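Let's take a walk through the pockets of this protein together. Have the model open beside you as you read.

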Amino acid sequence: MRAKGRCTALLAAGASLVLAACAGESSAEDGRVEITVWHTESTPTTVEAMDQIIADYEAANPGVTVTQESVGWGDLQVKLQAALAAGDLPEITQVEPMFVRSLYAHDLLQPLDEVVDDLGEDYLPQLREMFALPDGHDYGVVHAWGTDTTVYRTDLYANAPGAGTPEDLETWADSVEQWSAVADANDDTYGLMLAGDAAHNVNEEVYLWLGSNGGRLFDEKGHVTIDTPQMREVLEYWVDLRDSGALSPAWSSQTYADSLSSLARGTAATIFSFGRATYTFEDQAPDLVPGEDIKVASSRPVGPSGDDWITQLDAEPWVVFRDSPDAAAAADFLTFFFEKQNYLRWIGSVPTQLLPVRASTFDDPDYRSLPEVRTWGFWIDQQRATLESGRAYPLMVTQPSDLELPYLSDLYGSEILVDMVMEVVENDTDIDEAMRDAQARADELLSPLYDD
């Protein structure tokens with residue numbers, strides 16, 4: 001039987017993430033090596049791809065056992081928190097980018113320099129830079145990536161002559177006018193659907209809209225800044241979308257999957273989505289032609305105080321826990337994972353969602369020949385253009401320096417921003433009152449974690 005490491009809980013004041021220092025013990029009493037891998041890819045084809053990668057790795061490495069566990073996105077933070085507290089960590093897990101600094105700050109991560117070096121100059125620099133930390137080592141390796149994109153139905157927009165399409169939008173005011181016009185022109189259709197059922201999705205819209213309005217969640221000192229004119233305009237925009245009829249009144253009860261279905265079924269003309277949505281569209285609206293009936297916009301509207309827009313970069317890294325008894329073997333498994341034939345299995349399982357981390361893969365004939373890449377290549381190309389534009393930021397990051405703060409995850413997990421939005425948009429609470437309350441709660445939560 002395998003021996004687990006000894007762990008001592010380190011609970012930062014007010015922190016939502018319980019951190020633990022684990023001292024590794026022997027790998028196993030019988031000398032075998034066991035590697036547990038957590039990831040958030042629940043698609044059966046992706047799980048099957050990992051099974052194949054694991055089988056090949058175990059065949060090439062007698063005495064090594066690798067076990068994968070698919071964890072739902074909504075469950076990962078809770079599961080990781082419990083594992084940290086109990087000292088029962090996996091060897092490898094995916095995490096949101098904002099968690100890397102939290103884990104690094106507590107000296108829990110194994111450098112992955114050899115894995116990154118093996119990817120070489122082909123590794124997209126926008127991905128590597130996020131986890132190349134000040135001590136000169138790489139502590140995370142992105143498994144795949146994608147960007148949040150505006151997706152729309154051209155047939156529904158065509159019923160509103162003169163409204164244009166999301167490609168034409170420059171300002172939030174333009175978007176309210178356009179999406180209202182599209183809703184008026186189509187029975188039982190709203191111009192925009194958001195996914196508001198999960199806190200994760202509401203946090204997404206808050207930081208993206210704030211960043212597209214010249215605002216920021218943290219000031220130069222790293223202190224949380226919610227009660228600002230830019231945030232006030234975000235909330236006013238949300239209310240304008242509601243009051244104009246552009247936004248579906250059902251938004252706050254919609255899951256992310258619901259929002260995808262709303263576009264497929266024509267109850268919404270516009271959504272914000274990642275590439276996995278293509279499977280929903282093909283399943284629920286097989287007559288719609290990708291690239292003709294369903295298109296993606298190359299930009300997003302900008303708020304009244306903003307100069308440019310941002311969107312979300314979905315780029316979870318693999319991390320390895322330093323004190324895991326099999327940390328070295330875990331890093332070796334990741335090197336094997338990124339070998340071409342293995343990696344193509346992984347990203348080829350959902351190629352519109354899992355974009356490759358190597359630049360050369362985009363031109364690889366084996367990748368270009370994947371059916372989904374041939375059909376939805378325009379969407380993949382759009383995501384790559386967005387990454388290269390520098391407008392794609394990880395969750396809760398409104399400017400690159402935010403990623404250096406080890407308490408982003410605390411604000412994310414607190415639901416303070418979510419409560420603020422719901423109070424204003426769903427309960428008609430005064431905007432200034434809601435912002436003041438959110439600021440006070442965030443100050444109480446995060447101020448014990450500041451350096452000054």
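How do the residues lining the second largest pocket divide by class into nonpolar, polar and charged? The lining has 11 nonpolar residues, two polar ones and three charged ones. Keep in mind that you are looking at a predicted model.

Let's stay with this pocket for a moment. The second largest pocket holds about 340 Å³ of space. Its lining is made up of 16 residues, and those closest to the centre are Gln126, Glu129, Met130, Pro400 and Leu403. Two elements give two or more residues to this lining: helix 5 (125–131) and strand 13 (392–393). Helix 5 gives the most, with three residues.

Now turn to the largest pocket, which has a volume of about 1000 Å³. Here 48 residues form the lining, and if you look for the ones closest to the centre, you will find Trp73, His200, Asn201, Tyr256 and Arg276. Several elements each supply at least two lining residues: helix 2 (73–86), helix 8 (199–211), helix 10 (256–265), helix 11 (277–284), strand 11 (311–314) and helix 16 (408–414). Helix 8 gives the most to the lining of the largest pocket, contributing six residues.

What about the classes of residue in the lining of the largest pocket? There, 20 residues are nonpolar, 19 are polar and nine are charged.

Key
Residues numbered from 1 in each chain as written. Predicted model: local features only at pLDDT ≥ 70, side-chain atom pairs only at ≥ 80, totals over all residues. Heavy atoms only, no water. 1 Å grid on protein atoms, 1.4 Å probe; cavity = no way out; pocket = protein on both sides within 12 Å on 5 of 7 lines; lining within 4 Å. Points joined across faces, edges and corners; volume = space filled by probe spheres on them. Helix = DSSP H or I, 4+ residues; strand = E, 2+ residues; numbered from the N terminus. Nonpolar A, V, L, I, M, F, W, Y, C, P; charged D, E, K, R; others polar.
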